[in-house]
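The following exercises concern one protein structure. Please work through each solution with the sequence and the model at hand.

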Amino acid sequence: MVEPYLAAERLELDDLELSGRGRGRVLRVTVDGEDLGVDRLADLSRGLSRLLDDEPTLQDAYQLEVSSPGLERKLRRPSHFAKSRGREVVVKAVSTAVSTDDKSTYRGVLADSNDSGFTVDSEDGPVQISYEDVISAKTVFRWEKAPKPGQAKGK
């Protein structure tokens with residue numbers, strides 16, 4: 001129901017999550033596409049709210065949150081990993097599935113992905129991880145420190 005609406009708006013459904021209970025339920029809709037400013041997200045929220053008002057599974061109270069993935073995005077599906085190739089990631093995985101040591105968190109560049117898993121180029125070398133072994137994964141955004149006014153870069 002949500003995907004066709006977003007497709008008509010030339011946007012992609014990135015993630016959909018319903019969490020909480022009773023009056024504390026939250027429906028999070030994450031959309032991806034061009035020109036996703038605050039005004040556009042507010043318009044999408046109003047449109048989705050009207051669309052979902054008649055949905056029988058959502059008759060109880062819930063709060064609707066519509067957002068873009070942001071600078072640091074959660075990676076949950078193979079398509080998320082494919083979009084994030086070349087970006088820095090942090091992955092927490094079942095340790096025995098990846099290696100024999102106890103290390104279970106990997107940080108590095110997402111080098112490749114396919115239907116069954118992905119490769120992270122970490123400081124210890126490439127690590128291949130299966131999607132089914134992922135506990136959590138996200139992209140990492142690093143803020144570059146700006147030079148002080150009047151100073152040239154590299155000094």
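**Exercise 1.** Determine which residues S122 touches, not counting residues up to four places away in sequence.

Solution. With contact taken as heavy atoms within 4.5 Å, S122 touches R107, G108 and V127. S122 is found in strand β6, residues 117–122; strands are DSSP runs of E with at least two residues, and helices are runs of H or I with at least four, numbered from the N terminus. The relative accessible area of S122 is 12%, so this residue is buried (under 20%; exposed is over 50%, partly exposed in between, with a 1.4 Å probe and protein chains only).

The model is predicted: local features need pLDDT of at least 70 and side-chain atom pairs pLDDT 80 or more, whereas totals for chains, interfaces and linings use all residues. Residues are numbered from 1 along each chain as its sequence is written, and side-chain values use heavy atoms, leaving out hydrogens and water.

**Exercise 2.** Classify L71 as buried, partly exposed or exposed.

Solution. L71 is located in the loop between β3 and α3 (78–83). Its relative accessibility is 46%, so L71 counts as partly exposed.
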